[in-house]
Amino acid sequence: MLGPTPEFTLVCLPVVPGRMEAVEETEEVEQTSEDAISLNASDSIEIDEAGDGASVASHEVYFDWSSIDTSDLPSSYKTNSWQEKELLQLADHFFQQYTHLCPDRKPLFIYPVNECGVQKFVSTTVRPTLLPYPDMYYWSGCASFVCDYLIMEPLKCPITPPSSLFSPTTIVKYQRGNCFDFAVLLCSLLIGAGYDAYCVHGYATLEICSLDQTQEVCPRLRKPPEVPEEEDPNKYRVKYPLEPQSKFELQQKARKEKETEPPQEEETEEEEEEEVMEVVKPKRDRLHGLRVHAWVLVLPGKRKVPETFFINPFTGNPHSTTDECFLGIESIWNDRNYWVNMQDCRKGCKDLSFDLTDPFCWEIMFLESNKSSQLPTESAKEDTNEMQEKEETDMSFEMPLSWVARINVSCREYENPFSLGKKVILYDKAKQEKWAAYANEDGLVERLTVYADSDRTEELEVKEWFKHREDLLYMREVDKQTQLITDHFEPGHPLLLKAHFYTSLEPETGHTVEFYHTARVDGLWKRFESATEMTEYFVGREDFLHTRHIEFDERDKKMEKAGATADANPRPIVQIKEYFHRNPEKPADEDIEERIFMVIDDVIQVTYHLELHDTIASQVVFSRVIGREKREDEIFLSRENTVKYQPWSSEKHKNMLHLYDLLWELRAEQKELKQQVRDSEAEMLNILMVRKDEEANVKLSVSMYGTAKRGQEQEATAPEEEQKSPQGSLENESQPLAGEAESVTQHTATNSTM
């Protein structure tokens, strides 16, 4: 603690925290004091050194903060209480001692002016608030809300902190601010949610400060961390040598290949690699290590946070404290205190200790009363009593409450955070677009476009996310190379759809449908259908059926020309194949593994499972007798039309009566299978018809508790009702109660189905 007397223990290190030494090059130009002074607001510096692909859209519109109305603000915004005045005096004394002991370090960000031109201590600007929304109870929800709700404004001078720090309520009202405004608002929400969060004043790279994410991979495209492979149990098994090869022959073969290869190709490959390295290598920033930035620090302990991490308020993304994008820290603060970093930042933040109780690492402004202490020994009781008396005298000053009013975000503002209608973020070979809920008629809230090149000219894939759709579609993927579309559905669709893969909604053009099989009676989880075949996959069936494959022939062309429907002119079934899992309750010679019904050739083939010691499966084939006409409901069995191979079966299975019973059962099942195939075809036609109607008439479900959306609908329909004829208006007024009853009934039905 920096006390009011000149006798204190503040130690100024020779290395300035945060002011990173630039890369030592012969062409490096040193930053002088004149250069720093010249970087002010009048110069209108535009930081475009990161390239043309910066993802910041806030530079397009300039906002004049001097024109905002402050007349309606509370008196705490315009004046200081006696406690705040005393706090400013102590802070000013701390600042004077700091500048005296550390003249080489930059000035601290302690008491900037607010929107009313009144000096306020930065800790009192933090207003802990818990917003009444479920997502705002977690740090990820708070961070995503702040980065989506506010428009980023760069600092007027990139190497100095701002001269003013507005209240979070004003920042929320106008939905824009610089990095310090972002950090204070996010820190206020995190502390209100119970996190041990701090605002950080430090230094970062150009990409972080300018919100340039064009060199980063989109978070949606990042691969999950690989799980380490388990140790091979056969690791110590004896490895037998491979086929021996002559080393001399291999050397001669390699020498001949080198001689036959043209030498120019090697040179061209090296040149191409050099060109690629030049393109990938980022441009050198002349202000590297000097760019001021503010972010949020979250310490472990509260809310079961396992480790310390940073949050970039511009993006809402978490970062490790060893991230090389953060180059140094000058100071941190929360709503209770202020700390100055006294550690070396030559290597960035990766070697910093965030133990705020360590006086060698962090210089605290006001000594905290809840400081942890060890139990004193009997020999040191007198010393501890004296120390306690000194601490009590030092703690005579208490931090005043925040002068900021409570942060309020209405339901409409929370559901529609994008002030410009949508938000566009550019990544490396990707573009992400976000909309508010109900902003698009089809319920689209996010779109991610993946490109083949960094210039974003050739599209490879498009992913779209939806919300509040009655058809429960929540995600769509489009492969621009193959034009394959994949729709994903939430549970609860009337047709139990889970995913739909297609290129066109026309029938028999190649469709793959996945179902929520636990809700189906037949256990079907996937079906693929094309013009010539259909394959169905099952899970958890009692008969152990897992796959069914059907092959079709072409339709009658005469009936097609006559305009017959698909029901009147079905596709002829060529054959049906069924595959079964092993049933442990049956012997292998009675447990069928595969059944093939060749409908046109009138052949039935049955293959049984194998035992562990067998190599050839038992098989029975029933075929039509040559020269005999096929009759309806007739079963003709003879040794001529029966081929069997059962080397290990019992005498019962070799009996002709047993084969006759088996053939009778197979004939009956073949008839049922043909009907099931027709039902599957009809179901696919119904699915396509329903999907066409759902895409043509997209409906969004609105909860009866969504008052903000209902208010928007009333405001949108009011001008239309005024333009209607008087007769139409009278008709609408005559039935208001009926319309309200229908809407309430519809909302109730929607909630009950969800």
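I began with the charges over rings: in this predicted model, the charged end of Arg469 sits over the ring of Phe466, 5.1 Å from its centre. I then found Arg303, whose charged end sits over the ring of Tyr137 at 3.8 Å from the centre.

Next I turned to the sheet. I read off 7 strands in an open sheet, ordered β6-β5-β4-β3-β7-β8-β9, with antiparallel pairing. At the edges I noted β6 (317-320) and β9 (362-364), each pairing on one side only. From one strand to the next, the twist averages 35 degrees. I also checked what packs on the sheet: helix α7 (residues 179-192) does, touching β3, β4, β5 and β7, and its direction makes about 15 degrees with that of β4.

I looked at β4 (292-299) and β5 (309-312) too, which pair antiparallel over 3 bridges. Here Val298 stands opposite Phe309 in β5.

Then came the aromatics. I have 24 aromatic pairs on record for the structure. One of them is Phe182 with Phe314, edge-to-face at 4.9 Å centre to centre and 90 degrees between the planes. This pair links helix α7 with the loop between β5 and β6, 132 residues apart.

Phe310 and Phe326 make another edge-to-face pair, with centres 5.2 Å apart and planes at 65 degrees. Phe310 lies in β5 and Phe326 in β7, so the pair ties together parts 16 residues apart in sequence. I find both residues buried.

Last, I noted one aromatic cluster formed by Phe109, Phe121, Phe180, Trp333, Tyr338 and Phe366.

Conventions: Residues are numbered from 1 along each chain as its sequence is written. This is a predicted model: local features need pLDDT of at least 70, side-chain atom pairs count only at pLDDT 80 or more; totals for chains, interfaces and linings use all residues. Side-chain values use heavy atoms; hydrogens and water are left out. Two strands pair if DSSP finds at least two bridges between them. Helices (H or I, at least four residues) and strands (E, at least two) are DSSP runs, numbered from the N terminus. Axes are lines fitted to C-alpha atoms, for helices over the stretch in contact, and angles run from 0 to 180 degrees between N-to-C directions. Contact means heavy atoms within 4.5 Å. Rings of Phe, Tyr and Trp (its six-membered ring) pair if their centres lie within 6.5 Å; planes under 30 degrees apart count as stacked, over 60 as edge-to-face and the rest as tilted. Buried means under 20% relative accessible area, exposed over 50%, partly exposed in between (1.4 Å probe, protein chains only). A charge sits over a ring if NZ of Lys or CZ of Arg is within 6 Å of the ring centre and within 35 degrees of the ring normal.
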